[in-house]
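Here are my notes on the model you sent over. Have the structure open while you go through them, and tell me where you'd like more detail.

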Amino acid sequence: LSERLGSVFDRLRKRGALSEADVATAMREVRVALLEADVALPVVKQFVDKVRERAVGREVLRSVTPGQMVVKIVHDELVDMLGSDSQSISLNAPAPVPILMVGLQGGGKTTTTAKIARRLKDRERKKVLMASLDVTRPAAREQLRILGEQVGVATLPIVQGETPVAIAKRAMTAGKLQGFDVVMLDTAGRTSIDEGLMAEARAVRDAVNPHEVLLVADALTGQDAVTTATNFHERVGITGIVLTRVDGDSRGGAALSMRGVTGMPIKMLGVGEKVDDLEDFHPERLAGRILGMGDVVSLVEKAAETIDAEEAQKTAERMMRGTFTLDDMAAQLKQVRQLGGLGGIMGMLPGIGKLKKQMAGANIDEGMLKRQEAIISSMTRAERRNPKILNASRRKRIAAGSGTQVQDVNKVLKQHQDMARMMKQVGKMGGKGALAGLFG
Ligand code: GDP
Ligand code: MG
């Protein structure tokens, strides 16, 4: 998916303006990409329609860099759909607060129960009791007991021959009598959904009326995640989702699907086998992961700083005519700074080696580039257009205005002259080809 979306956006980025047809084409590809990431079809459809609606029209079509706007819209909608606020587990109920953990076998319920209990104990100073209702596998209750010892959380003593409902009731009673704040109930799972599993979960739910019913689901289950989430939500009713194995080669598509079909928030992420491998859910991060772009927001911000194609074109044309103004120089300094130093634009200019060396000799750093920009922006428009009028008193005023010295102002003016001369030569020698290569 990452590569796929990456290539879609690359293509968009290279375009000047984005038409409705362009958006439609891009959205078709986004649709395929999401499907390939195992996002469920109805969810994909809903998502793509929403993005298309927002993308076609004002925001994208008027934007100077349409591709970046599409990236931002896709990202924002993804965040929106995943839930724009990270929602934590609610304990806003009379103690002991019952929390029911449901899900398929092997999804990570028992591990996650211990992880959450540990977190509630350490971070919120809650007294937590854990109970395993898994009577199908002999080792299951023992597993929770061992985890409890490991994280320093109490577990309900094991009594043989009890039904899950009986264990749940006993846990609640113990929780009340012994002053626990939270009682976490870890249920049994099956390898696939069956009526027995659902009936059991419902019976426990009816017996203890849990404040939270958390569906624990493996991020790697892909399309199955949708079936699982739909079934548990329709037949038991969930209040939130914990996605596990997000540390693995997870596609993230499961989160989008489960959130989409249930409307219930993703509350936590399991990111490893260890008891402290639990993270709060941040929609932006997961959106970035689904898009495969790391931090898309920072990408968009960076994009806003990149060279504006139109502006560069205008500069190129002015250079060809041999008029290189101080405004052009300021724009170039800014670009050089944004490109991370002189290795950028300057380095690409043919015949500019000498100037580059000169500037490097002057020990160019970001601070210096900023000072030079400040000097130029302290000039009046008339001065920028016609530097010849810059007499001593004007230079003094500019130095004061930019917090620099008169000799700094002189240096900038000298540099501008050098650059203007160089640009003129480039214009003559290279012609349009060279410049197109430079600014294209
Ligand atoms: P349950 O059957 O739903 O109770 O699942 P378990 O809690 O027993 O977990 C099954 C396996 O998945 C165990 O080996 C866990 O260590 C592992 N596991 C659980 N959560 C995660 C996770 O977030 N990341 C990874 N890598 N493994 C996990
Ligand atoms: Mg278990």
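**Notes on the model**

1. Of the 440 residues in the chain, buried ones make up 43%. Here a residue is buried if 20 or more other C-beta atoms lie within 10 Å of its own, exposed if 12 or fewer, and partly exposed in between, with C-beta atoms placed from the backbone. Bear in mind that this is a predicted model: local features need pLDDT of at least 70, side-chain atom pairs count only at pLDDT 80 or more, and totals for chains, interfaces and linings use all residues. Residues are numbered from 1 along each chain as its sequence is written, while chains are lettered from A and ligands numbered from 1 in the order in which they are written.

2. The secondary structure comes to 21 helices and eight strands. These are DSSP runs numbered from the N terminus: helices are H or I with at least four residues, strands are E with at least two. Among contacts with a separation of 6 or more, 75% are between residues 24 or more positions apart; a contact means C-beta atoms, placed from the backbone, within 7 Å.

3. The largest nonpolar core has 79 residues, and M184, L185 and L243 have the most contacts inside it. By nonpolar core I mean a set of buried Ala, Val, Leu, Ile, Met, Phe, Trp, Tyr and Cys residues joined through C-beta atoms within 7 Å. Helix 3 (residues 41-55) gives the most to this core, with six residues. Domain 1 (2-85 + 297-305) and domain 2 (97-281) both contribute residues, so the core lies between them; the domain bounds come from an automatic or database domain assignment. Apart from this core lies another, of 15 residues, including F324, L326, M329 and M379.

4. What does M184 touch, leaving aside its neighbours within four places in sequence? M184 is in contact with I99, M101, T113, I116, A117, V128 and M130.

5. On to ligand 1. It is surrounded by 19 residues, the closest being G108, K109, T110, T111 and G270; a residue is near the ligand if its C-beta atom, placed from the backbone, lies within 6 Å of it. The shell has two nonpolar, twelve polar and five charged residues. For that tally, Ala, Val, Leu, Ile, Met, Phe, Trp, Tyr, Cys and Pro count as nonpolar, Asp, Glu, Lys and Arg as charged, and the others, Gly among them, as polar.

6. Helix 6 (residues 109-124) gives the most to that shell, with three residues. Twelve of the 16 residues of helix 6 are buried, so the helix is largely enclosed by the rest of the structure. K109, T110 and T111 are among the buried ones.

7. R125 sits in the loop between helix 6 and strand 2 (128-132), and N209 in the loop between helix 9 (195-208) and strand 5 (212-218). R125 is exposed, with 8 other C-beta atoms within 10 Å, and N209 counts as exposed with 10.

8. Also look at the peptide bond from A95 to P96, which is cis, with omega near -5 degrees. P96 lies in the loop between helix 5 (66-82) and strand 1 (97-102). For background, most residues other than glycine have a negative phi, and most peptide bonds are trans.

How values were computed. Two residues are in contact if their C-beta atoms, placed from the backbone, lie within 7 Å.
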